[in-house]
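Thanks for coming. I have one model to go through today, so please look at the screen.

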Amino acid sequence: MKIELNELFKDIRHSDFAFPYEHNNFVVDSRIVKPNDIFIALKGNNTDGHNFVNDAFSRGAILAVVERDVEAIGPVVKVNSTVEFIKHLGDFARSKVNSAIFGITGSAGKTTTKEGLYLALSKKFNVRKTEGNINTDLSLPLFFANDVTNLEDFIIAEMGIQKPNDMDTLLDIVKPHYAIITNIGDSHLEYLGDRNGVLKEKFKLVKFVSENGGVSFINGDDPLLKASSVGVKGVFTVGFNEGNNFKMSILEENLDFMRLRVNVEDRVFDFAVPYNGFAYNVGLIFAASIYVGVDPDYIVSALKEFKPYKGRGEKIKRGTITIIDDTYNSNPVSMNLALKRLNGIKNPIVLILGDMLELGESSKSLHENVGKEIAKIKPYMLITYGSFSKFMQDYAVATKKYHFDDNASLIDFLNSFDFPEDSVFLVKGSRGMKMEQFVEALLRRYSDEN
C-alpha cells in the first residue's frame, strides 16, 4: 500500500529532513531489511532493536523509527514509543482500506479455516490473507501497511488472543465486516481463567461485527457459542446438530478422509476432507463463501485443493508405518479431535504426546481428561513427554506406557524400540514442546523404507 510518510508522521515528526518519496516495507527485524525499507526499533524481552539501527542502514534502510537517542548513520525519527507507533501505522494503513474484511478466531482451526476460505473466495475474488503467525497487535499493523494493496475485494485476517482485552486491541486494528469463530476450548487458560473467559474474549469479535451491521459464522454445535449467539443479529450457525443454518452430515469416515454432506437450502453437496478435524472448518468456509456470492460448485472445487499444512494433521507414509504429524500446536480441543481420528483403526497405534501449555491451574485435570479419551481407543503404546503429559498416564489404557522428561532419551527410544509393522504414530503437543523433533527422528529411522 502506498503510504505517504509526510501524512503518517504529520503529528509526530521532530526532525527537519525531507522524507523519501518512495519506500518499501516497514520492518522490525534488521536481519531481513532490504533496500528502501523503514526500520522500526522495538525493545524486546531479550534484545533491543535500537542496537541494530546501523545494521538496518547498512542493509539499505532509508529511515529508522526509534524511541531513544542512537548514534545512527542514517536519518531517524524519534517517537515516544515504537510499539505505539506500530499501532498508529496499522490504524493509518487500515483507514485507507476499502476491502471487505473477514476476522477469524477460535481455540483450534483458525489457520486451516483461513487457508480454506482463501482458496474458496479466490475462485471469484481478489483476496489477500495474513500469512503464518501474523495474528497479533504487532504483526497485523505491519500486514496492513506492507501487504495490503487496496485492490483486494476481500482480506482475511487471523486474530489470535492470549490475554483479556487482546481482542479489543485486534478489533481496533482489523475492524472486520465478517466474523468466523471455529470453537471455544480450553486454550490460554493461564491468562483467561476458564472456558467462559475464552468465550468472553473471542465472542467480542461477533459482537463487534453485529454492532457494525456485519455477519458472523460460528460453530453452532459448540454449546457456549450457540448460547451466546441467541439474540445477536447477523449470526449464522454451522454444524451437525439440528437447527443449524448450515447442516452437515457424515457419509463416511476413516484414517484417510471424511466424506461430508452439506445441505444448502434445496441443494446438497458431497465432498471429502482430509480428516475429521477439518469438518467444522469446511462447514464454516462453505457458509461464508456462499454468503458473499461464491458458487457452491466453485467452493467444492476449491476444497479439493485443500490439504493439511505441515504439522497440522499431515499424514506421512514411510514404508510400513504411518505418521500423523500434528506437531504445530495443541490444546484439549485439537488433541481430542486428533484422537478421534484414530477411532476404529485396526493398526497398532503409537501415541507420542507432549504437554498442552498455557492451561494454568487446570493443567493437571485437562491432561487427565486426555488420558480418559486415550482409554477409548486403547492404543498399542502411549509415550508422554513433559511435566504435564505424565498425568495422561493415570487414566489412559494402553498395552505399553512410557514417559520421558528429556528429548534425547525419547529420541534414543524411538531409534531403538522394535515397533510393530503397520504402526500408526500420532505425534502432537504444544508449540513450545517442539514435538517435530520426534517426527524427524521417525522419518530418519524409517527413511530407507520409503
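This is a predicted model: local features need pLDDT of at least 70, side-chain atom pairs count only at pLDDT 80 or more; totals for chains, interfaces and linings use all residues.

Residues are numbered from 1 along each chain as its sequence is written, and side-chain values use heavy atoms, with hydrogens and water left out.

The protein has 16 helices and 19 strands; these are DSSP runs numbered from the N terminus, H or I of at least four residues for helices and E of at least two for strands. The C-alpha atoms fill a box of roughly 75 × 55 × 40 Å along the principal axes.

Of the 450 residues, 54% count as buried, meaning under 20% relative accessible area with a 1.4 Å probe, protein chains only. Contact here means heavy atoms within 4.5 Å. Among contacts between residues at least 6 apart in sequence, 62% join residues at least 24 apart.

Now the cores. A nonpolar core is a set of buried Ala, Val, Leu, Ile, Met, Phe, Trp, Tyr and Cys residues joined through side-chain atoms within 4.5 Å. The largest one has 73 residues, and Phe26, Phe144, Leu342 and Leu351 touch the most other members. Apart from that core lies another, of 42 residues, with Phe125, Val215, Leu260 and Leu303 among them.

Next, glycine 313. It sits in the loop between helix 12 (296-303) and strand 14 (314-318). Glycine 313 is buried, at a relative accessible area of 0%. Beyond four places in sequence, it touches Tyr275, Pro308, Ile324, Asp325, Asp326 and Arg341. From histidine 188 it is 125 residues away in sequence and 21 Å away in space, C-alpha to C-alpha.

Last, threonine 237, in strand 10 (residues 235-239). Is threonine 237 buried or exposed? It counts as buried, at 5% relative accessibility. Leaving aside neighbours within four places in sequence, threonine 237 is in contact with residues including Ile218, Lys226, Asn244 and Phe246.

Conventions
Buried means under 20% relative accessible area, exposed over 50%, partly exposed in between (1.4 Å probe, protein chains only).
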